[in-house]
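Biologist: Could you take me on a close look at one part of this model, the strands and what sits on them? I'd like the cut-offs spelled out as you go.

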Amino acid sequence: SKQYDYPFELKKNIVKQFPQIEKLKTNLYQAGAYYASMSGSGSAVFGLFQEEVKLTFLKDEQHHSAWL
């Protein structure tokens, strides 16, 4: 299980208010990311990968309407 590091209070409060952020990060790890996080300003969630991957889960209706 990955432990998520939220060094700033902003991130802790944002994740409480928007649990979809944690779900998206979990999905990025499950897709093979070696690191996933929310940007410091909270404007983006990103994953770092060793290889190119297709993140097909981002195309489903729920993520599309909420994140893209």
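Modeller: Happy to! Two strands count as paired if DSSP finds at least two bridges between them, and strands (E, at least two residues) and helices (H or I, at least four) are DSSP runs, numbered from the N terminus. Before going further, please keep in mind that this is a predicted model, in which local features need pLDDT of at least 70 and side-chain atom pairs count only at pLDDT 80 or more, while totals for chains, interfaces and linings use all residues. Residues are numbered from 1 along each chain as its sequence is written, and side-chain values use heavy atoms, with hydrogens and water left out.

Now to the strands. The chain holds three helices and two strands, in the order α-α-β-β-α from the N terminus. β1 and β2 pair in the antiparallel sense, over four bridges, and A36 stands opposite G47 in β2. Together the two strands form a hairpin with six residues between them. In its turn, G42 has a positive phi of about 85 degrees.

What aromatic pairs does a search of the whole structure find? It finds one. Rings of Phe, Tyr and Trp (its six-membered ring) pair if their centres lie within 6.5 Å; planes under 30 degrees apart count as stacked, over 60 as edge-to-face and the rest as tilted. The partners are Y35 and F46, a tilted pair with 6.2 Å from centre to centre and 50 degrees between the planes. Y35 belongs to β1 (residues 35–38) and F46 to β2 (residues 45–48), so the pair links distant parts of the chain, 11 residues apart.

Y35 counts as partly exposed because its relative accessibility is 36%. F46 is partly exposed too, at 31%.

Both residues also belong to a nonpolar surface patch of about 360 Å², made by Y34, Y35, F46 and L48. Patches are made of residues with over 30% relative accessible area and no salt bridge; like charges are joined within 9 Å, and nonpolar side chains (Val, Leu, Ile, Met, Phe, Trp, Tyr) within 5 Å. A salt bridge, in turn, is a side-chain nitrogen of Lys or Arg within 4 Å of a carboxyl oxygen of Asp or Glu. Accessible areas come from the Shrake-Rupley method with a 1.4 Å probe, and for residues only the protein chains shown count as cover.

How values were computed
Buried < 20%, exposed > 50% of the residue type's maximum accessible area, 1.4 Å probe, protein only.
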